[in-house]
Amino acid sequence: MKVSKFGGSSVANSEQIKKVVNIINADDERKIVVVSAPGKRFKEDIKTTDLLIRLYEKVINQLDYSNKLSQIVGRYEEIVTELNMDRSILDEIKNHLLNLINVYHDKPERLLDGLKSCGEDFNAQLIAQYNSQLGFPTRYLSPKDAGIIVTDEPGNAMILESSYEKIYKLREYDEKLIIPGFFGYSENGDIVTFPRGGSDITGAILARGIKASLYENFTDVSGIFRANPTVVSQPEVIPEITYREMRELSYAGFGVFHDEALEPLYKDRIPVVIKNTNRPTDKGTYIVSERNISNLSHIVSGVSCDKGFTIINVKKYLMNREVGFTRKVLSILEEENISIEHIPSGIDSISIIMRSTQIKGKEERVLNKIRENIPVDELTIDYDLAILMIVGEGMNKAVGTAAGATAALSKRNVNLNMINQGSSEISMMFGIDEQYSDIAVQAIYDEYFANKTTQLA
């Protein structure tokens, strides 16, 4: 039994929905389907979820929201009309939105989660009804009926372990099940959404819950590219990648698959495939728990780069002899609720890397606290840092991987602010100035994927 999830671009309009139901009905193993809210129909279009957020803003600021309400209903009306469906579902959609506004108008967090969930919820109901209309027994299930009970933290839901027992019972249904992504229900019965992009998380939860043989994630690309296609022209598609590699690449900007969605799959070693709704016969990229690295044509799986980092540099002579020095520095950051990304260190220095959004507005206060509480020789802060990640399970068994990377960057005059390699040895991290991020990605791609093979040690 497979779980198949379709993203926003896959269900953006009636033509895309026709493709989706054809894919679902072509394979009897595709019994559980998760759908997103309608995405953009064209480049300048607005996603349905964004329309719902704008509706929320109108309501909460006590402004006239009738036009925004009409826009949202209009998105579904277009689909219903073109699919020649019963229009009564449109009245249900409008009434549900008005009821949420009436019930939660004085509870902003509940209202926002309730409205945001509607994009997926309406789409799931519509697609289930349409597929049944075509003659394929199909049932819509709300996340509550599916057993998706979550923590009660608006906008940041997490599945409760106790939910999986009920989710497993979904295997007992004979019909195909269409379940909305992105949200669950608290134990008190309130709608609670996952972080943005959370339909991936819903799909992963269901795949683990029913012990699926495969989790199919359908998007508008035929897999995961070895580099950002907006930076590198026509990069290769990665045929197979491990959970660990995917997590490292996602951290540094790979946006095809929500990285938090890997967590429930990783525990039960359920394979994932990223496929293209518009080209469903393409093989796509498989994400697996382990893969054979003895016969790799490329020891590097991919390269990614993310911007927007800040670094605090601390120097102290004989730092290594001072017990608790690093802990003292980190405790100050903890007091300021700042999470850390990397901590490269030397014998007399440490560099603490964080996302710039974490420390924005707190810089002077943090630096002053460090100076006041810890004797340091030098203390500086640098902005506009980019993190370049080179990832591959085969890197720890190949000779010259780091040398090849540094040489390639040197040829393009990319200065390295720092280098760090984790204990797993499946990734190398380079800190570079933001202005060189695209040049660096192209340089690494050319080094490892331009008709090259690297011999394993």
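1. Let's start with helices α14 (residues 401–411) and α15 (residues 437–449), which pack at an angle of about 130 degrees with their axes 9 Å apart. Here axes are lines fitted to C-alpha atoms, for helices over the stretch in contact, and angles run from 0 to 180 degrees between N-to-C directions. That angle makes α14 oblique to α15; angles under 35 degrees count as roughly parallel, over 145 as roughly antiparallel, 65 to 115 as roughly perpendicular and the rest as oblique. Element names follow DSSP runs numbered from the N terminus, with helices being H or I of at least four residues and strands E of at least two.

2. A word on the source: this is a predicted model, in which local features need pLDDT of at least 70 and side-chain atom pairs count only at pLDDT 80 or more, while totals for chains, interfaces and linings use all residues. Residues are numbered from 1 along each chain as its sequence is written, and side-chain values use heavy atoms, with hydrogens and water left out.

3. A crossing is left-handed if the near helix is turned anticlockwise from the far one by less than a right angle, and right-handed if clockwise. On the α14 side, Thr401, Gly404, Ala405, Ala408 and Leu409 meet Ala440, Ala443, Ile444, Glu447 and Tyr448 of α15, where contact means heavy atoms within 4.5 Å. By class, this contact has seven nonpolar, two polar and one charged residues. Ala, Val, Leu, Ile, Met, Phe, Trp, Tyr, Cys and Pro count as nonpolar, Asp, Glu, Lys and Arg as charged, and the others, Gly among them, as polar.

4. Next, have a look at α2 (residues 48–60) and α3, packed at about 155 degrees with axes 9 Å apart. That makes α2 roughly antiparallel to α3, and α2 passes α3 in a left-handed crossing. Thr48, Leu51, Leu52, Arg54 and Leu55 of α2 make the contact with Lys68, Leu69, Gln71, Ile72, Arg75 and Tyr76 of α3. Its classes are six nonpolar, two polar and three charged residues.

5. Helix α3 (residues 66–82) also packs with α4 (residues 88–104), at about 155 degrees and with axes 10 Å apart. The two are therefore roughly antiparallel to each other, and the crossing of α3 past α4 is right-handed. Leu69, Ile72, Val73, Tyr76, Glu77 and Val80 of α3 make the contact with Ile89, Leu90, Ile93, Lys94, Leu97 and Leu98 of α4. This contact has ten nonpolar, no polar and two charged residues.

6. Two loop residues deserve a glance. Arg269, in the loop between α10 and β9 (272–276), has a positive phi near 55 degrees. Leu318, in the loop between β11 (302–315) and α11 (325–335), has a positive phi near 60 degrees. Most residues other than glycine have a negative phi.

7. Finally, the second largest pocket holds about 240 Å³ of space. Of its 15 lining residues, Met158, Ile159, Ile201, Glu260 and Glu263 are the closest to the centre. The elements that give two or more residues to the lining are α8 (199–209) and α10 (262–268). On a 1 Å grid over the protein atoms alone, a pocket is an open set of points where a 1.4 Å probe fits, with protein on both sides within 12 Å along at least five of seven lines, and lining residues have an atom within 4 Å of a point.

Methods: Grid points are joined across faces, edges and corners, and a volume is the space filled by probe spheres set on the points.
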